Amino acid sequence: MAKQEDVFKTIIAHAKEYGFVFQSSEIYDGLSAVYDYGQNGVELKNNIKRYWWEAMTMLHDNIVGIDSAIFMHPTIWKASGHVDAFNDPLIDNKDSKKRYRADVLIEDEIAKFEEKINKEVAKAAKRFGESFDEAMFRQTNPRVLEHQRKRDELHNRFSEAMNANDLTELKQIILDYEIADPISGTRNWTEVRQFNLMFKTEMGSTADGAMDVYLRPETAQGIFVNYLNVQKTGRMRLPFGIAQIGKAFRNEIVARQFIFRMREFEQMEMQFFVRPGEELKWFDFWRQTRLKWHKNLGLGDSKYRFHDHEKLAHYANAATDIEFEIPFGFKEVEGIHSRTNFDLSQHEKFSGKKIQYFDPELNESYVPYVIETSIGVDRMFLSVLCSCYEDQDLGNGDRRAVLHFPAPIAPVKCAVLPLVKKDGLPEKAREIQHRLRFDFTCQYDEKDSIGKRYRRQDAIGTPYCITVDHQTLEDGTVTLRERDSMDQRRLSVDELEKILSEEVSLNSLLRKLL
Ligand code: ATP
């Protein structure tokens, strides 16, 4: 098994053991691709959401928030295109009875050609040593060129089939390339069918009066249909944005990779309304602004990259993903899209209401253009968890599992620990905890040896431990232990409050954004 897979398994096990993420309905053997957040997970998740929310609404004069309902009028999903086009092409293997996304099977096949090329390059690099010219090798080596030609041929055929929505051709590609089911190993496939990813339910009590409604597959439409309400009641002038955090639901077919692809998940979306013609300038602004927000967490600049879309949705005129490196590669964590005036125009058409902005400078009315930033809370959570986890070798056979969370988003900010459970130390420690708890999430722990207690706090990523000992009773000083360096220093309780507010407050993180 690849080492990265082991690392990922360890992280998942750690997330469960320390109360971050549990499988939903676990005592009933679980519900596939649905997860619950535990006592530490919910704190981390809330902190990530606060970091996003405050960066959007408090640091921008022209961005306000809303909280729209999950249920919406079903025509909204007609207008947005989700009823007709929010589909994945599905194929079943008749032997294993497993269902796959046809596009994913073909993409995996394309990746195989890329792997072959990379193997050739790695082999040659080893053979030629320092004198190896990789670019030249890729352009001239006959085997690489042949793999590349085959890869491009498949890629082009696949893109054309996807663009034309040609399901027969997708099946034909799977047959022609002899793609087998990874489980049964057979090529006994059904036809390819379209599968809509929206969950449907009924609203209303009587059979005749009931209407089909959907669980929203994205939060964005709740913003679009409230555009006029917010613009008018907030007397907003373009450009301005509306931000929202909320649950979204997709009946994902290939739901795997832990909380990376879930059927119920949470999104943080912001729609920024601009004057037509200015959208690409704002697209660039949000591309940079969002990357800065990510990098500001200090998880490592090299872990991020942009992936600009070559193939755009018919209504979009620019789109990029921010990808983050997790143990199974660079994966999309956020999408930034220039959506033109598509959504608002569609809602104008389907609702029959005028959804426009009167621009006093131009003295004309128009449907605003939109730049969207859309990030998954759970994928952000996974990125933070994976990049902060370390199984650290402390020498002499000693190890510790530690989560190096950026202090402002750590679930617990400090733990107050009496050195022993007697001599008035617990009372003193409680007193200190009581002083701190109004400003910081602060735990009290008196069970087990101090070493074990430090390890427990390291495992949930608590940046500071405060140890109360006999000297505390004499001179009011405590020991402050820092999680990453494990350094300890003595200071007064007053100083402690100052250090904590500087290091662990969300403000310290937000200030660096300006
Ligand atoms: P993917 O290509 O991975 O399915 P997408 O391009 O369909 O994602 P968007 O519709 O752009 O995703 O949604 C915006 C963000 O919502 C994504 O960047 C991701 O962080 C998050 N997201 C989307 N689908 C899921 C899911 N099933 N589980 C968790 N997060 C999701």
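This report describes selected strands, aromatic contacts and salt bridges of one protein structure.

The model is predicted: local features need pLDDT of at least 70, side-chain atom pairs count only at pLDDT 80 or more, and totals for chains, interfaces and linings use all residues. Residues are numbered from 1 along each chain as its sequence is written, and side-chain values use heavy atoms, with hydrogens and water left out.

Helices (H or I, at least four residues) and strands (E, at least two) are DSSP runs, numbered from the N terminus. Strand β22 spans residues 477–482, and five of its six residues are buried. Buried means under 20% relative accessible area, exposed over 50%, and partly exposed in between, for a 1.4 Å probe and protein chains only. Two strands pair if DSSP finds at least two bridges between them. Strand β21 (residues 464–468) pairs with β22 in the antiparallel sense over four bridges, and I466 has L480 in β22 as its bridge partner. Strand β23 (residues 488–492) is also antiparallel to β22, joined by five bridges; here T477 stands opposite S492. The hairpin of β22 and β23 has five residues between the strands, and M486 takes a positive phi near 65°.

**Aromatic contacts around F260**

Rings of Phe, Tyr and Trp (its six-membered ring) pair if their centres lie within 6.5 Å; planes under 30 degrees apart count as stacked, over 60 as edge-to-face and the rest as tilted. The count comes to 22 aromatic pairs. In one of them, the planes of F260 and F328 stand at 90° with ring centres 5.8 Å apart, so the pair is edge-to-face. These two residues are 68 residues apart, F260 in the loop between β9 and β10 and F328 in the loop between β12 and β13. F260 is buried at 7% relative accessibility, whereas F328 is partly exposed at 23%.

**Salt bridges**

A salt bridge is a side-chain nitrogen of Lys or Arg within 4 Å of a carboxyl oxygen of Asp or Glu. The count comes to 44 salt bridges, including those below.

| Pair | Closest N and O atoms |
|---|---|
| E26 and K16 | 2.7 Å |
| E54 and R50 | 3.5 Å |
| R101 and D103 | 3.0 Å |

E54 and R50 both lie in helix α2 (residues 39–57), four residues apart, about one turn of the helix. E54 is buried, with a relative accessible area of 14%, while R50 is partly exposed at 42%. R101 and D103 are both buried.
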